[in-house]
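Subject: Structure for your files

Hello,

Please find the sequence and structure below. My notes come after it.

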Amino acid sequence: DEFISSPPRKTVRFGGTLTDILLKYEKGETTDFELLKHQLSDPDIKDAQIINWLHEFRASVVYLTKELDQLVSILLRLPWLKRSREVVEEYLGFLGNLVSAQTVHLRPCLRMIVSQFVPPRITIREDDVDISDSDDDDENLSENFNTCHRALQTVARYVPSTPQFLMPILVENFPFINKSERTLECYVHNLLRVTVYLPTLRLQILELIIEKLLKLDVSAPQQDIEDAEEAANNSDSEEKSTEEGLFDMEEDEERKGNKVVSSSSERMAHPLAERLDVLMTILFSYIKDVCHVDGKLDINRTKDLYRDLVSVFDKLILPTHASCHVQYFMFYICSFKLGLAEAFLDHLWKKLHDPNNPSVIRQTAGSYIGSFLARAKFIPVVTVKACLDLLVNWLHKYIDNQDTGANAYCDVALHGPFYSTCQAVFYTLIFRHKQLLDGNLRKGLSYLQSLNFERVVMCQLNPLKICIPSVVNLFAAITRKYQLVFCYTIIERNNRQFIPVVRSGTGGDLVQTCTNPLDSFFPFDPYLLKR
């Protein structure tokens with residue numbers, strides 16, 4: 001009864017039904033069609049109008065063939081996200097109908113959804129210059145993102161091949177690394193959300209994100225970050241001394257527990273490091289969330305993610321020289337369970353002693369093993385010993401095979417992996433010798449003596465000449481203290497033979513270059529990003 005007595009809904013519109021308009025258009029009568037496009041493009045279009053149109057379009061998706069992609073692109077530009085709940089629901093229904101009836105429109109639909117993964121752009125006039133930036137004040141942002149993910153899930157439900165079409169779009173829409181932190185943060189966060197409901201894309205998405213993080217990382221070398229922080233601290237302390245007393249009240253307010261996140265102390269002074277910091281924090285919390293269910297570690301989920309991360313590590317991180325921070329995603333996931341840390345060490349060890357791998361990859365694997373054993377507090381002494389045994393036995397075997405042969409002389413090009421392993425062993429010993437000797441000194445010393453460092457140090461390949469001087473000197477001091485091996489005679493002999501590498505600087509003054517013939521680095525040196 002209610003239905004019969006209620007008046008029909010009024011809508012202001014021209015032409016007949018949508019079907020009529022589209023059929024007329026096919027016959028070449030375009031006036032109504034142009035009017036329709038005009039109405040749909042109207043910026044002041046009302047919610048009720050949008051709902052009515054979408055309702056009709058849902059019933060007529062059959063007609064929206066490839067020839068009408070102009071009309072479809074207007075529909076995809078409708079401002080549906082910022083509208084009422086009803087508009088959003090109707091629009092999601094329309095998308096589902098559209099892609100299931102006309103898969104030709106799948107790519108444009110996906111492009112439209114992915115373009116909403118960043119805050120909308122707004123243009124601010126400043127001194128007659130248009131500054132375009134992301135609109136951060138939008139309090140509905142997370143609501144909008146939720147809706148976008150619903151839209152993607154809807155499309156994926158109707159078109160099972162969505163993931164393979166989606167991936168290239170995610171790659172091409174990735175914001176340039178100079179965009180604002182907020183834009184990058186939203187995009188990366190949304191990419192990681194996609195992996196939750198389209199798990200087949202997880203590996204590719206992690207690869208994409210980590211590749212972009214690496215670009216940021218190598219553009220912000222450690223030294224630059226430290227310099228920027230120091231400069232910022234100096235200017236901060238100068239400001240403080242001139243404005244002493246002005247801000248006491250504000251500081252008291254802050255102490256009451258309003259933690260202000262964007263205060264200069266929380267931000268990185270180096271702009272690229274600031275972006276990297278924000279994005280690494282997102283990656284870490286993603287890893288934590290995936291591996292934990294109700295606050296408890298879920299072993300199977302953790303192993304699956306570990307496998308994905310190791311394959312990204314092999315493909316992108318190992319071949320990249322001197323990244324400072326990105327590799328810490330491996331460090332972090334390994335900290336969840338000792339089994340993972342051991343698996344990672346085993347993985348690196350296989351890379352190191354497999355002669356089929358390129359020398360540079362084997363050397364980097366050596367750097368990773370040394371740095372990981374030295375720095376990871378979650379690795380117990382038992383594991384450190386097991387690794388030292390493996391590495392040192394391999395060194396002795398290597399010496400057995402080389403010391404009498406034609407190549408038994410000091411040359412990085414020939415024996416890179418050997419020197420890298422020596423350095424890993426020396427470095428580990430520098431950081432862990434106290435723990436190795438802790439508790440039972442006699443037992444600890446006899447273990448270290450059993451490693452027979454003397455033979456390694458004295459061999460024809462002369463590792464002390466190649467390893468980084470700072471490592472060699474610390475190793476020499478420790479081994480002398482515990483009378484394991486006396487390195488100083490060899491170091492002095494090496495210094496005498498060693499002609500300093502000299503290049504002429506500007507103005508003709510001679511500059512002694514720092515030698516690092518192994519080109520080694522320590523991937524788990526202290527992490528500088530604040531968050």
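The model is predicted.

Asp 217 sits in helix α11, which runs over residues 202-219. Asp 217 is buried but forms no salt bridge. Arg 275 is the nearest side chain of opposite charge, and it lies 13 Å away, whereas a salt bridge would need a side-chain nitrogen of Lys or Arg within 4 Å of a carboxyl oxygen. What the side chain of Asp 217 does reach is the backbone nitrogen of His 325, at 2.8 Å. Leaving aside residues up to four places away in sequence, Asp 217 touches Leu 276 along with Ser 323, Cys 324, His 325, Val 326 and Gln 327.

Helix α19 spans residues 381-402, 22 residues in total. From first C-alpha to last, α19 reaches 31 Å, close to the 32 Å expected at 1.5 Å a residue. Its buried residues include Leu 388, Leu 391, Trp 394, Leu 395, Tyr 398 and Ile 399, and also the polar Thr 383, His 396 and Gln 402. Among the elements covering the buried residues of α19 are α17 (338-353), α18 (359-375), α20 (412-437), α21 (441-450) and α22.

In helix α25 (residues 488-497), the buried residues are Tyr 488, Ile 490, Ile 491 and Asn 494. Viewed down the axis of α25, they fall within an arc of 160 degrees, so they line one face of the helix. The buried residues of α25 pack against α22 (453-458), α23 (463-466) and α24 (469-481).

Regards

Key
Residues numbered from 1 in each chain as written. Predicted model: local features only at pLDDT ≥ 70, side-chain atom pairs only at ≥ 80, totals over all residues. Heavy atoms only, no water. Helix = DSSP H or I, 4+ residues; strand = E, 2+ residues; numbered from the N terminus. Buried < 20%, exposed > 50% of the residue type's maximum accessible area, 1.4 Å probe, protein only. Lys, Arg positive; Asp, Glu negative; His and termini not counted. Polar contact = N/O pair within 3.5 Å; in protein donor to acceptor, adjacent residues only side chain to side chain. Contact = heavy atoms within 4.5 Å. Arc of directions from axis to C-beta. Expected span 1.5 Å × (residues − 1).
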